[in-house]
Amino acid sequence: MSAKAISEKTGKEFLYKYICTSAAVQNRFRYCNVSAETDWDRLTQEHPWLLTERLVVKPDQLIKRRGKLGLVGINLDLQGVQEWLKSRLMKETTVGKAKGVLKNFLVEPFVPHTQEEEFYVCIYATREGDHVLFHHEGGVEVGDVDAKAQKLMVAVDDKLSEDQVTEQLLTNVSDDRKEVLASFIVGLFNLYEDLYFTYLEINPLVVTQDGVYVIDMAAKIDATADYICKAKWGDVEFPPPFGREAYPEEAYIADLDAKSGASLKLTLLNPRGRIWTMVAGGGASVVYSDTICDLGGVDELANYGEYSGAPSEQQTYDYAKTILSLMTREKHPQGKVLIIGGSIANFTNVAATFKGIVRAIKDYQGPLKEHEVTIFVRRGGPNYQEGLRVMGEVGKTTGIPIHVFGTETHMTAIVGMALGHRPIPNQPPMDAHTANFLLNAGNSAATPAATRTASFSEPRTFNDATPAKKCKGGLPAAKATMLFRKHTKAMVWGMQTRAVQGMLDFDYVCSREEPSVAAMVYPFTGDHKQKFYWGHKEILVPVYKNMADATKKHPEVDVLISFASLRSAFDSTMEAMQYAQIHTIAIIAEGIPEAQTRKMIKMADERGVTIIGPATVGGIKPGCFKIGNTGGMLDNILASKLYRPGSVAYVSRSGGMSNELNNIISRTTDGVYEGVAIGGDRYPGSTFMDHVLRYQDTPGIQMIVVLGEIGGTEEYKICQGIREGRITKPVVCWCIGTCATMFASEVQFGHAGACANQASETAVAKNQALRDAGAYVPKSFDELGDVIKTVYDELVANGTITPAQEVPPPTVPMDYSWARELGLIRKPASFMTSICDERGQELIYAGMPITEVFKEEMGLGGVLGLLWFQRRLPRYACQFIEMCLMVTADHGPAVSGAHNTIVCARAGKDLISSLTSGLLTIGDRFGGALDAAAKQFSKAFDSGMLPMEFVNKMKKDGKLIMGIGHRVKSVNNPDMRVQILKDFVKQHFSATQLLDYALDVEKITTSKKPNLILNVDGFIGVAFVDLLRTCGGFTRDEADEFVEIGALNGIFVLGRSMGFIGHYLDQKRLKQGLYRHPWDDISYVLPEHMSM
């Protein structure tokens, strides 16, 4: 959601910090908050003016008209403020229909002034620009400012000047105050723009000889602009509307939402209520709330919320467990119901999200049964059959009553069942499985034969899309009536391969001659080609680094589908509109600041470009073209007959609800001709009326369906069009959000634009206006399908529509990945792994979650035990591993591995190359003695050979004993690394048979030569064998196998890598040049006849 109200304190803080004006703004930062926890002594120390000034006190909780409600204490001293608060602080009061507790108050200096010094100023945003309202008589009795105030509209991208303010707003102000007021209002407007306010009202604004005083202030800011304004805003707290508490669970979900690419919303309305919802989709969540309220459940509705945008299993689990935790805190005498509903998803994998919900239900099965909770489920979309099956299974295994329904059931039918208004079917009919639609039963791999490609009522035409017409005389360009045709070519911004493949599959089943996607733009890679499927064949789609190259090489492209992020969507869209060939742009991103959206709309209007979105899934024209993920997976496209056109066109805000309309229209009429979801933002790029007029002027469309929404006034333009005769085709219309008028406090629904700022913007008012204008308006969403069918049947009866014979749906090969997801195929894996799993929400090492690894403080040795040996080793074993890594980390620059690393680093090579150069020297002669020593000593010991026999045999065979000998260290100059390890092993290991054997061998070899000691490699090798054999975690065969496959050399490789990296960094830090070995250190031995 975008426009959010802020507290008066926050609004004034922004104003005092950032306003730029020549007017003397008084009482800057002289305010303080008071609550039940306030320490008055400390407060007066921080704000000494409280002890010397006369004061004003008022609640700061988004309450309107506080003065008229007697909620402002004026001209009091500090003791008077405290007395005034005693009868109000933490007391319940009623404001309108809302009951709430007064918890937070604002105290400011009292400003003595006369009525003539009070003014009113307000700035608010609309689609066309920002309106500035000014009235020379402010204060409590200002009355209807819309009727009284002077008004000035500043168009998008225009600036406000002091001359404009003086001439158009200050006509009733005395000359001595005009200059101050003009400067202040311009400064206020610039502040409003810079800090992305959407509403800013000051009443009264007091102007005295001393300067300007901001007495009372109300404001909203565009919360989606946080990434732009964070430096100035800081961490803004958005208080809940008066009458509704701020719950920690709401903050938790808001935090999840902020960290996720998906959308997660939760508003608690009545935590003691018996009706709880967990609805997928912003539009669908409103429809379910409407239906619950229509059926008398408003007082028992506990929450409003939604999850959408393909949340992960973990995110859905976290959301679901929050709901279940809340609803199982207090029992209800009638038990409780949980409605898990949703429209037909476009791209969310229903089975994946349901797995998260199922996990939560299993975790809360005890409390759910104790609170007598009954669950009703209705969902459609990708893999929904598997999701419903899993949900049904959990009901059987837990004993919780769970009633499961798919797309064969009307979306809101489960509400009537849950509230006892309609019977629950014993065995609801199930639609065919996804696979039934997708598997190609025929043997032919050719493109399907052409099916119906024109509407029942439209003659076939094969002309290319009509471009936008450029008007003469500098007027805005006229936009195209027909956005998509059979030969429309699109460009996709963003590496959205799944969406592109979905578009190509749609093209294929529609019997298009060529794919609709001509190119992709992705700035983060170089130009290349991306592989996709066209039916059974593989094709390549070019990907360009910039839009200029893409448009130049593909002049036939006139549609841009932008999957750019909310941060980059504005710049990429503005760039796209520089290319005259682009006539239609779909912007998928949600959360684009409204100010940026309005600038895009202005440029689009000037250039004759139609924008669909932002915050949309797009649109679809059956038989011709679809935008991105619109229409969902192929099973839904075929089930809703979107592969060929019908006679009904629709426009909605919600993407999910547009898919539901596809379903409803396909079941009640001959199908969809075209459908567009304009997006849920307050200012969509194109409006309901834009598309309704296109549909009116399109011959193949015989009736129009509009799914409107609470908020905004666009639906009234449809009323006007019907009354004036501009719209003559039958219009079936329903505005969702009728429940809003039944709530005591304001509720911001899932879409940013779904909030009524005045009575005319409510869904109830708009539905009545449409009904009065002559549109077909059902009594509720439940009846929408019935009304559509009635109107369609009338059109068939009077001959306007002649239903054509239905053709069988074409087929398309199924993607391997999707077939595997559905469980239809299997194949042996190319790789097997048993040590790590990164697929879930948490990394797992050998069955142990990473959080547990840290919780248990396993350290590096413990992690190595999990990943190398698939065991949780004893603590002493983990410590021994870490000690081995420490003592093998480095042995100076002279050894071959370090030498190679240094030479390589000095040759200018990178870290990986230098490290690899050093590691490649490890072998039997350098560092690789761990494995060899372990094998030699183990073989001798296990065969029963005495130490002397072992030494003699190795000498007889002419072999070195690996792990014996050192260039520098000897019996008289022992290696302290070995001594440290020996002390630890003797203290902690339960048995050291092989080590004792090796030490006996050492006694024999050192008697012959003092430097033939058991070196660090040999010690680690034999001690590690003792560890594997005696720690209790391995069988003898397993221990021997780890030695055989080279695990012990891994210790040296891992440890010495630390030293090699150290040498690399050291050489770079010392800025050493290219190494060249000196001639005098090389013995040149050449054949005699070639010597100089």
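Biologist: Where does Ser640 lie?

Modeller: Ser640 sits in the loop between α20 (634–639) and β29 (648–652); helices (H or I, at least four residues) and strands (E, at least two) are DSSP runs, numbered from the N terminus. Keep in mind that this is a predicted model, where local features need pLDDT of at least 70, side-chain atom pairs count only at pLDDT 80 or more, and totals for chains, interfaces and linings use all residues. Residues are numbered from 1 along each chain as its sequence is written, and side-chain values use heavy atoms, leaving out hydrogens and water.

Biologist: Is Ser640 buried or exposed?

Modeller: Buried means under 20% relative accessible area, exposed over 50%, partly exposed in between (1.4 Å probe, protein chains only). Ser640 counts as buried because its relative accessibility is 1%. Beyond neighbours within four places in sequence, Ser640 is in contact (heavy atoms within 4.5 Å) with Asn662, Asn663 and Ser666.

Biologist: Thanks! At what angle do α34 and α36 pack?

Modeller: Axes are lines fitted to C-alpha atoms, for helices over the stretch in contact, and angles run from 0 to 180 degrees between N-to-C directions. Helix α34 (residues 976–988) meets helix α36 (residues 1016–1030) at about 20°, with axes 9 Å apart. That makes the two roughly parallel (angles under 35 degrees).

Biologist: Which residues of α34 and α36 make the contact?

Modeller: From α34 come Arg977, Val978, Leu981, Lys982 and Val985, and from α36 Val1016, Phe1019, Ile1020 and Ala1023. A helix has 3.6 residues a turn, so residues three or four places apart point the same way.

Biologist: And which helices do the buried residues of α29 pack against?

Modeller: They pack against α28 (859–869), α34, α36 and α38 (1047–1069).

Conventions. Angles under 35 degrees count as roughly parallel, over 145 as roughly antiparallel, 65 to 115 as roughly perpendicular and the rest as oblique.
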